[in-house]
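Reader: I am new to this structure and would like to learn how to read it. Could you take me through it feature by feature?

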Amino acid sequence: MTDITPNWLIKIAGAKTAAHLFYDLKIDTQEALATSNPDDLFNKSRESLKNKSSYINYLIGYKTFQALIEKAKDIDCLPRKRIKSIFDAKKKKFGPTHFLFKDENEFYEWYKLKPQICYYCKTEQYKITELVLAGIFPSKKFKKRGRNLEIERKCSQPEEKNVYSSENCELACTFCQNDKSDVINAELYIKYFSEPRKRFIDDLYEAHINSKL
Ligand SMILES: [Zn+2]
């Protein structure tokens with residue numbers, strides 16, 4: 001994290017609000033803002049401003065947070081760099097027979113319309129991100145994974161259908177991606193595992209948030 005309020009944030013929020021988001025709420029990437037929960041930002045904002053004399057001048061309403069999050073999603077530059085690196089890596093690894101997005105733009109346009117919830121368990125990604133960053137899961141896997149949804153191929157059998165394409169891909173959480181793998185088909189996975197998975201994360205998240213209050 002640099003110590004200068006980033007330009008993209010000033011563009012979205014104006015200088016004063018941008019500084020508050022950046023320094024007090026630690027929003028340091030556009031993706032972080034786009035995937036934030038307005039309730040969380042609103043509560044954190046109230047908390048951090050409580051002791052400031054200019055409290056009332058800075059107080060940002062819930063609806064404003066919602067609007068800022070929407071703006072951040074409307075992406076000129078959202079996670080473009082990260083999406084490009086995913087595109088490059090998958091294209092290289094899976095080649096023209098299994099990676100069917102025709103170019104980076106098509107991939108990006110597909111990606112940016114996807115909601116930030118897991119296709120299988122419907123868990124909101126911000127909850128998992130928060131738990132991962134708080135170190136709730138001790139596995140080494142979470143050093144690299146868990147902070148973002150992953151690209152999941154719904155149909156993985158037979159091998160010739162196990163392709164990356166806008167029809168066959170969805171965004172899934174690390175847990176579902178890991179559990180489902182190519183072992184269980186999408187329909188059965190949703191039927192048997194999605195509801196308890198969401199309940200598990202929801203309960204952990206709630207306990208985590210309550211422990212911070
Ligand atoms: Zn999931």
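**Reading the model step by step**

Author: Let us begin with the overall layout, keeping in mind that this is a predicted model. The C-alpha centres of domain 1 and domain 2 lie 27 Å apart, and the domain assignment places domain 1 at residues 7-73 and domain 2 at 114-212.

Reader: How should I read the nonpolar cores, and which residues have the most contacts inside the largest one?

Author: The general idea is that in soluble globular proteins nonpolar side chains tend to be buried together. Here the largest nonpolar core has 14 residues, and those with the most contacts inside it are Cys-118, Tyr-120, Ala-172, Cys-173 and Cys-176. The elements that give two or more residues to this core are strand 2 (169-172), helix 11 (174-180) and helix 12 (186-212), with the largest share, 3 residues, coming from helix 12. A second, separate core has 13 residues, among them Ile-12, Ala-13, Ala-18 and Ile-27.

Reader: Which residues does Cys-173 touch, if residues up to four places away in sequence are not counted?

Author: With that exclusion, Cys-173 touches Cys-118, Cys-121, Thr-123, Gln-125, Ile-128 and Leu-149.

Reader: Where does the backbone have a cis peptide bond?

Author: The cis peptide bond joins Gln-157 and Pro-158, with an omega of about -10°, and Pro-158 is found in the loop between strand 1 and strand 2. Lys-161 also lies in the loop between strand 1 (150-153) and strand 2. The C-alpha atoms of Lys-161 and Asp-203 are separated by 36 Å, while the two residues are 42 apart along the chain.

Reader: Is Lys-161 exposed or partly exposed, and why?

Author: The reasoning rests on counting neighbours: a residue with 20 or more other C-beta atoms within 10 Å is buried, one with 12 or fewer is exposed, and one in between is partly exposed. Lys-161 has 13 other C-beta atoms within 10 Å, and therefore it is partly exposed.

Key. Residues are numbered from 1 along each chain as its sequence is written. This is a predicted model: local features need pLDDT of at least 70, side-chain atom pairs count only at pLDDT 80 or more; totals for chains, interfaces and linings use all residues. Domain bounds come from an automatic or database domain assignment. A nonpolar core is a set of buried Ala, Val, Leu, Ile, Met, Phe, Trp, Tyr and Cys residues joined through C-beta atoms within 7 Å. Helices (H or I, at least four residues) and strands (E, at least two) are DSSP runs, numbered from the N terminus. Two residues are in contact if their C-beta atoms, placed from the backbone, lie within 7 Å.
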